[in-house]
Amino acid sequence: MYAIESLVLRVSIVLCMVAAVVTILYFTPLPDKTAKSCDRPCHEYDWPMICRYKFTIETFLKDSYCDSCFQNSTDCDTKCLTTNSKPRGFLAINQQLPGPSIQVCRNDVVMVEITNKLSSQSLAVHFRGQKQEDSPYMDGTPMITQCPINSYTTFQYKFRAVTAGTHFYSAYSSSLAADGVFGGLVVREDNKFDPNHKLYDVDDKNHLILLSEWSKSLATDLMNSPDIPDKILINGKFPVELPLFHVLKGKRYRFRVAYTGGITGCPISLNIDNHLLKVISLDGHPVVPYEVDTIILNKGERIDFVLRGKHELADYRVHVKSNCHEHVTGAGIVRYDGYDEKKVQKKDFAEANVKREFNSGFCHSPIGKVCINDVHSKRKMPYSLIQEEVEKQIFLSYNYVLITKDSQDASVDSKRDLYTTNNITFLYPPSPLLTQYNDVPESIICSSEIKPQRCNTKDICECVHVENIPLGASTELVLIDQGGDMLEHIFHLHGYHFYVVSVRKFDEPMTIEKFKTLEDQGTLFKRNLNNPPLKDTIRIPKYGVAVLRFVANNPGYWILRDENAGLWTRGMDVVLKIGETRNFPSPPSSFPTCGSWVGPEFYLG
């Protein structure tokens, strides 16, 4: 009798468990093939979803299409963008500028199918802010992690969105990104994981601000003759219709801002008439809040702020301005719902009384200014990084030399700057390092310590610059600007986020030897090893030094990218090899390959 009761009890328990599982499966939304299902409130225990997107990249709206717009502004299509001189086409994703916004929850699987319809351009797409853990071949770095996507071919990116925050995707080539190949990428998570979530009431997907420079000609046409931008666009809108951001009085709104790029990459200032902006996040990571009225951000950076709707019902202008060229500006409107009159508050940006400023780069910090050294993360550094000594320290010294080239053509500039890192000018390999390392000749790979024999008699070596870092090592990068270029350098590290433990500017060039001497004397600077800001993009001031730290726990080949390179490189990029080949995740089967080919020798007889 006891055995029967025990059996009945066990069967009942199993049936109850099965019923519970079936109930959970029934009420849990399943992944589907549309992207809309992924734009939802994010909760800790929800199942990750598969978010599918199909993007077609092509040239859109040629001059002939826009002729009527140029002749009569009332005939302008809202997608027909013009400059002060004439209308022009642009590169579009799904015939949009910017491209469709990707809005997902943390741990969702993102699948983006890219079809390249540019007739003479290969490309790759990088998803900034995503570390691509377990999927380094989806990083979007041509000839490092993948073959470029050739014209009229399709490539599918597939990765898990593990880093929450405000990010964006763009073409790897800065010129293609400047011409329109970019879009928003927002990864949300349960509020319990955001230490600043109590500071705002609404996180609206429409409150995403993408800043981009707009020039009179396509950036790809300006590589040999740099131009000053014509305007700054907010969400690709100019000049027919200013972007509107709706708010309600009494509510606090989270705004997400990303500076996606342009031909110059000058810092951009942003303010909103009569409103204070409470900065809560930098490059997707929460920071100690700072309330300011002006924000300055650099190319590739993202800043989130909270705007409190406490003023009278009206339209308030959003001002953006280049810090290099005062006449290069843009605008948008924050509109309080319930305000019927289409009347914008009259207030000129240049006359605005700026009292408090947040600068994401280096600056001196008088009263009323918050600079990068003043910013503190809401999260502590890992234990291995708070030690005075790290396991791996790499010095990278940036410089340039003037190269003179003989030319009979008077229209060709015979002088150009050749940029270097540790006297190495970067060269891309003929095949991707990550997936086809054996196809890359060892004779073109170098490091700061080991250079090819052909470089022994040269001051500057052209090669694939790779620095090796042991897997799991606590790492410190010391970036030194020796050249003193007027346009400050901006670098973005793929595959990682780093802690900015110190930044300092000097009045003269700083050598690696002098740095080490001052470091030994303890007179250089004090590192913030408690709560420095966590970023993935950094601006190096003229004759400046930046010290970055991270734990090398993501194996693969990851590029430290020079953001001011117009195309793929201008020589200052460095690839960090983390771990050994046996540590790298295997690429999918049938992953595309590419490389050099030389046919067999033969004679016609």
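Reader: Is glutamate 488 buried, exposed or partly exposed, and what is its relative accessible area?
Author: In this predicted model, glutamate 488 is partly exposed, its relative accessible area being 22%.

Reader: Which residue forms a salt bridge with glutamate 488?
Author: Arginine 539 does, with 2.7 Å between the closest N and O atoms.

Reader: Why does arginine 539 count as buried?
Author: Its relative accessibility is 9%, and buried means under 20%.

Reader: Turning to another topic, how many salt bridges does the structure hold?
Author: The structure holds 24 salt bridges. Some share partners: Arg188, Asp194, Asp203, Arg254, Arg256 and Asp304 are joined into one network in this way.

Reader: And lysine 535, with which residue does it form a salt bridge?
Author: Glutamate 301 is one partner of lysine 535, with the closest N and O atoms 2.9 Å apart. Lysine 535 is in strand 30 and glutamate 301 in the loop between strand 16 and strand 17, 234 residues apart. Aspartate 283 also meets lysine 535 in a salt bridge, at 2.9 Å from N to O. Aspartate 283 lies in the loop between strand 14 and strand 15, so this pair ties together parts that are 252 residues apart in sequence.

Reader: Are lysine 535 and glutamate 301 buried or exposed?
Author: Both lysine 535 and glutamate 301 are buried. The relative accessible area of lysine 535 is 0%. Aspartate 283 is buried as well, with a relative accessible area of 0%.

Conventions: Residues numbered from 1 in each chain as written. Predicted model: local features only at pLDDT ≥ 70, side-chain atom pairs only at ≥ 80, totals over all residues. Heavy atoms only, no water. Salt bridge = Lys/Arg side-chain N within 4 Å of Asp/Glu carboxyl O. Helix = DSSP H or I, 4+ residues; strand = E, 2+ residues; numbered from the N terminus. Buried < 20%, exposed > 50% of the residue type's maximum accessible area, 1.4 Å probe, protein only.
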